[in-house]
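Have the viewer open as you read.

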Amino acid sequence: MGVTARVVEFPDPAAREAAEESRAVAAAAGGDRSAFERLYRCHVGRIHGLCLRLTGHRETAEDCVQETFVSAWRGLARFQSRSAFATWLHRIAVNTVLSRQRGLAYALESAGDGPSGALDRQAADDAPPLDLEAAIAALPDGARHVLVLVGLYGFSHEEAAGALGIAIGTSKAQLYRARQILAARLDLVLEST
Amino acid sequence: MSHDHTTESSSLDTRLAALPREQPPARDPWPQILASISVAATPPVAARRRVPLALAAGIALLVAAGFIGWQMHGFRQAALAPPLAGAGADGRPAAAFAVPVGAGYLATRVALERTYRERLQLLAPATRDRIEQDLATIRAANADIRQALAADPESAVLNRLLESTWQQEFDLYATVVRNTAPAAPRSRT
């Protein structure tokens, strides 16, 4: 037989993608930067969407994306494949955003010149939001964080509570609060009457 | 839960579900990422650090020891200085670091650091250098813990250590501000 390697055919495209990602993760963990770039290209849109909705700041979100992938590269050797790479990456992104918000650097940015998140949200409060994204950006931090994680990115309340450092009950309460605020701001009350 | 709320939520869920989860950044950060990861001379496997937790804990202990030593041999007028506004009964700042921060917290922290920078100039150079060394150590510990958290985001120990570095930094600012405040006139009652 002249065949030295057998290509395993996956009837399920998702299974094939998962296998390809596993190979890319393994290669990247071995120092293959091109494999890591493939992982980056695959996940950057979703990670940026997550960071943008958590921070409400475009530039901060881009910084967090950069920091997330650099942290992921450094931590690849310790990545446990029992959890999905995407899940692991999302956790790093959430932790990056929260660390930044808790940190002095974020405080100084907020106090510096240029529009701050608080100002963005204040502006959103002054006028009716044009769309759902603006209404989400105008939510209080706690409610927005839970809504983004649970309502948009598929975290369970247990996962969101763990990532945010809050109780599961608080996570559920914040989600309820976020929905109430959004429903009011988007005039969804009219649809229910 | 009322029928109205259920209907609202259903409509809201539909609209939430329609939002695109993927939002590519306006500028591609890959060149910066590549530059950052290329700085490391060795790939992640070889660069693996076995005990970042132990290192972080060691630094935290070192910082704690430094604080104790500094406060024990610190300023004699500390007892005369008025307590910091917003401080607890023991003079420590009342801010709680374990909770997500808000605008009020951030404003307080920025104001405190600004005052700290001003008051630092009032101290003797040797004292000032020592304090700056402590602050650098705290920030180095913070960076180290954050890096360790990237690999183990759910580690409760690491998260607590991370919070402790924020608290230590805040405490350092508050201690300097408190101990360099001009003595308030004592009321005679």
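## Helix packing in chain A

Helix α9 (residues 157-164) of chain A packs against helix α10 (residues 168-185) of chain A at an angle of about 105 degrees, with the axes 8 Å apart. The pair is therefore roughly perpendicular, a label for angles of 65 to 115 degrees. On the α9(A) side you'll find A:H157, A:E158, A:A160 and A:A161, meeting A:I168, A:T170, A:S171 and A:K172 in α10(A). That contact has three nonpolar, three polar and two charged residues.

This is a predicted model: local features need pLDDT of at least 70, side-chain atom pairs count only at pLDDT 80 or more, and totals for chains, interfaces and linings use all residues. Residues are numbered from 1 along each chain as its sequence is written, with chains lettered from A and ligands numbered from 1 in the order in which they are written.

| Pair | Angle | Axis distance |
|---|---|---|
| α9(A) and α10(A) | about 105 degrees | 8 Å |
| α2(A) and α3(A) | roughly 140 degrees | within 9 Å |

α2(A) and α3(A) are therefore oblique to each other, and their crossing is right-handed. Their contact residues divide into 11 nonpolar, four polar and one charged. Among them are A:F36 and A:Y40 in α2(A), and A:F69 and A:W73 in α3(A).

Zooming out, chain A has 11 helices and zero strands. Buried residues (20 or more other C-beta atoms within 10 Å of their own) make up 46% of its 193 residues.

Definitions and conventions
Axes are lines fitted to C-alpha atoms, for helices over the stretch in contact, and angles run from 0 to 180 degrees between N-to-C directions. Helices (H or I, at least four residues) and strands (E, at least two) are DSSP runs, numbered from the N terminus. Angles under 35 degrees count as roughly parallel, over 145 as roughly antiparallel, 65 to 115 as roughly perpendicular and the rest as oblique. A crossing is left-handed if the near helix is turned anticlockwise from the far one by less than a right angle, and right-handed if clockwise. Two residues are in contact if their C-beta atoms, placed from the backbone, lie within 7 Å. Ala, Val, Leu, Ile, Met, Phe, Trp, Tyr, Cys and Pro count as nonpolar, Asp, Glu, Lys and Arg as charged, and the others, Gly among them, as polar. A residue is buried if 20 or more other C-beta atoms lie within 10 Å of its own, exposed if 12 or fewer, and partly exposed in between; C-beta atoms are placed from the backbone.
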